[in-house]
Amino acid sequence: MALFGRGPQTAVLAALIDGVRGGGGGGAVLVRGEPGIGKSALLASAETHASALGFSVVRLFGEPARTGVPFAGLQQFLATVHRLTGERRLSRFAYLGRKPGE
Ligand SMILES: Nc1ncnc2c1ncn2[C@@H]1O[C@H](COP(=O)(O)OP(=O)(O)OP(=O)(O)O)[C@@H](O)[C@H]1O
Ligand SMILES: [Mg+2]
C-alpha cells in the first residue's frame, strides 16, 4: 500500500534495514503517534521492505498483563524464534513468562 506524506519516516526505517544488510549493527526506532495516524501502516511498509531483502520479520506485541515480567519482549522474541526455527538452544525460553494454560 502506498503511504502518503511519509517519505522521511519511511527513509529512516529503510536506512536502518539497509544498514543491517550492509553489515551495520541495527538499532531501535520508537514509532509513536495518535490513534490512526499511520504507525501500523508505516511498520507494514518497513516489513515489506525487509522481507523483499530476504529478512525474516518477527512481530512482537506488548500487553499490560506482562508489564511485570522482566525482559518480556526479549522472551517473546526468543520463544518466537524457537517456534519458527526449532532451534534447540532456545527451548529454555519457549515457556518463560507464559501464563498457566498458554
Ligand atoms: N500515510 C498514509 N497513507 C495512506 N494511508 C494511510 C497513511 N497513514 C495511515 N493510513 C491508513 O489509515 C488507517 C489507519 O492507519 P494505522 O492503522 O496504520 O494507524 P495506527 O497509528 O497504527 O493506529 P492505532 O494507534 O489505532 O494502532 C489505515 O487504513 C492505514 O492504511
Ligand atoms: Mg496500529
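## Phe-71 and its loop

Phe-71 is found in the loop between H2 and helix H3 (72-85); helices (H or I, at least four residues) and strands (E, at least two) are DSSP runs, numbered from the N terminus. The structure is a predicted model, in which local features need pLDDT of at least 70, side-chain atom pairs count only at pLDDT 80 or more, and totals for chains, interfaces and linings use all residues. Residues are numbered from 1 along each chain as its sequence is written, while chains are lettered from A and ligands numbered from 1 in the order in which they are written.

Although Phe-71 is not a glycine, its phi is positive, at about 55 degrees. Most residues other than glycine have a negative phi. Phe-71 is exposed because 12 other C-beta atoms lie within 10 Å. For this classification, a residue is buried if 20 or more other C-beta atoms lie within 10 Å of its own, exposed if 12 or fewer, and partly exposed in between, with C-beta atoms placed from the backbone.

## Overall architecture

The protein chain contains three helices and zero strands, and its elements run α-α-α from the N terminus on. The C-alpha trace spans about 45 × 35 × 20 Å along its principal axes. Of the 102 residues, 4% count as buried. Among contacts (C-beta atoms, placed from the backbone, within 7 Å) between residues at least 6 apart in sequence, 36% join residues at least 24 apart.

The domain assignment gives domain 1 (1-57) and domain 2 (59-102); such bounds come from an automatic or database domain assignment. The centres of domain 1 and domain 2, taken over C-alpha atoms, are separated by 23 Å.

Ala-15 belongs to helix H1 (residues 7-21). Ala-15 is exposed, since 12 other C-beta atoms lie within 10 Å. Between Ala-15 and Gly-26, eleven residues apart in sequence, the C-alpha to C-alpha distance is 9.7 Å.

Helix H2 (residues 39-52) has 14 residues and reaches 20 Å from its first C-alpha to its last, close to the 20 Å expected at 1.5 Å a residue; the expected span is 1.5 Å times one less than the number of residues. Gly-54 follows H2 and has a positive phi, near 100 degrees.

## Surroundings of ligand 1

Ligand 1 is surrounded by 13 residues, the closest being Pro-35, Gly-38, Lys-39, Ser-40 and Ala-41. A residue counts as near if its C-beta atom, placed from the backbone, lies within 6 Å of the molecule.

By class, this shell has six nonpolar, five polar and two charged residues. Ala, Val, Leu, Ile, Met, Phe, Trp, Tyr, Cys and Pro count as nonpolar, Asp, Glu, Lys and Arg as charged, and the others, Gly among them, as polar.

Conventions. Contact = placed C-beta atoms within 7 Å.
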